[in-house]
Amino acid sequence: HSGYGLTLSVINNTALMNLFSQGTFGHGGAFGTGGYVDPKNDLGVIFLPRMNDGAASPAQHVLSQIAESAVR
């Protein structure tokens, strides 16, 4: 669902990431961290949980729901 440009992930298919619009860019990191900027929706998301082994997934899901409800 994404490509890469300037070391950042660029979303070109929003089927799997319904929060972000096409053209959103960012990067996921270690321990569940990530940061994305969606220029179309004027939205920036930074998530710094410091959890490993996929333990951050439930918190990431909740954050996505909160951000999505703020945009819609």
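Tyr36 stands opposite Val45 in E5. On E4, Tyr36 is also the bridge partner of Gly26.

A word on the source. This is a predicted model: local features need pLDDT of at least 70, side-chain atom pairs count only at pLDDT 80 or more, and totals for chains, interfaces and linings use all residues. Residues are numbered from 1 along each chain as its sequence is written, and side-chain values use heavy atoms, with hydrogens and water left out.

Now terms. Strands are DSSP runs of E, at least two residues, numbered from the N terminus. Two strands pair if DSSP finds at least two bridges between them.

Take E4 and E5 next. E4 covers residues 34–38. E5 covers residues 43–47 and runs antiparallel to E4, with 5 bridges joining them. They form a hairpin with 4 residues between them. In that turn, Asp42 has a positive phi of about 55 degrees.

Other side of E4. Strand E3, residues 25–28, pairs with E4 in the antiparallel sense over 4 bridges. His27 stands opposite Gly35 in E4. This is a hairpin too, with 5 residues between the strands. Phe31 in the turn has a positive phi of about 60 degrees.

Which strand pairs with E3 over 2 bridges? That is E2, residues 8–11, again in the antiparallel sense. Here Val10 has Phe25 in E3 as its bridge partner.

One reminder for viewing. In a regular strand, side chains alternate between the two faces of the sheet.
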